[in-house]
Amino acid sequence: MPVPKRKTSKQRTNTRFANWKATPPQVGECPQCHEPKSSHRICSHCGYYDGVQKIEVGKKEKS
């Protein structure tokens with residue numbers, strides 16, 4: 001079984017893991033209602049995806 005010839009320093013180890021960064025979610029514009037929405041998801045505001053209404057979104061009534 002292979003064994004490392006030398007100890008890996010803390011700096012080399014930490015440098016390797018320093019390049020992992022969190023990226024913000026990709027947000028696009030809904031072509032129907034122009035609200036921000038995630039890519040490849042049904043718009044939660046109008047219910048459209050790819051130009052077709054997939055879900056019926058009820059509107060809240062003020063009382």
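What follows sets values against definitions, from the whole chain down to single residues.

Mentor: This is a predicted model, in which local features need pLDDT of at least 70 and side-chain atom pairs count only at pLDDT 80 or more, while totals for chains, interfaces and linings use all residues. Residues are numbered from 1 along each chain as its sequence is written, and side-chain values use heavy atoms, with hydrogens and water left out.

Trainee: What makes up the pattern of the protein chain?
Mentor: Read along the sequence, the pattern is α-β-β-β-β, with 1 helix and 4 strands; helices (H or I, at least four residues) and strands (E, at least two) are DSSP runs, numbered from the N terminus.

Trainee: Why is the protein chain called more spread out than a compact globule?
Mentor: The radius of gyration, taken over C-alpha atoms, is set against a globule rule of 2.2 Å times the number of residues to the power 0.38. For 63 residues that rule gives 11 Å, and the value here is 24 Å, well over it, so the chain is called more spread out than a compact globule. Along the principal axes, the C-alpha atoms fill a box of roughly 70 × 30 × 20 Å.

Trainee: Why is Cys 43 called buried, and what is Cys 33 called?
Mentor: Buried means under 20% relative accessible area, exposed over 50%, and partly exposed in between (1.4 Å probe, protein chains only). Cys 43 has 1% and is therefore buried, whereas Cys 33, with 22%, is partly exposed. Across the 63 residues of the protein chain, 8% count as buried.

Trainee: How many disulfides does a search of the whole structure find?
Mentor: The search finds 0, a disulfide being a pair of cysteine sulfur atoms within 2.5 Å. For Cys 33, the nearest cysteine sulfur is that of Cys 30, 3.7 Å away, and Cys 33 is in no disulfide. Cys 43 is likewise in no disulfide, its nearest cysteine sulfur being that of Cys 33, 3.7 Å away.

Trainee: Where does His 45 lie, and with which residues is His 45 in contact beyond its neighbours within four places in sequence?
Mentor: His 45 lies in the loop between strand 2 (36-38) and strand 3 (48-49). Contact means heavy atoms within 4.5 Å, and with those neighbours left aside His 45 is in contact with Cys 33, Glu 35 and Val 57. Cys 33 is 12 residues from His 45 along the chain, and their C-alpha atoms are separated by 7.7 Å.
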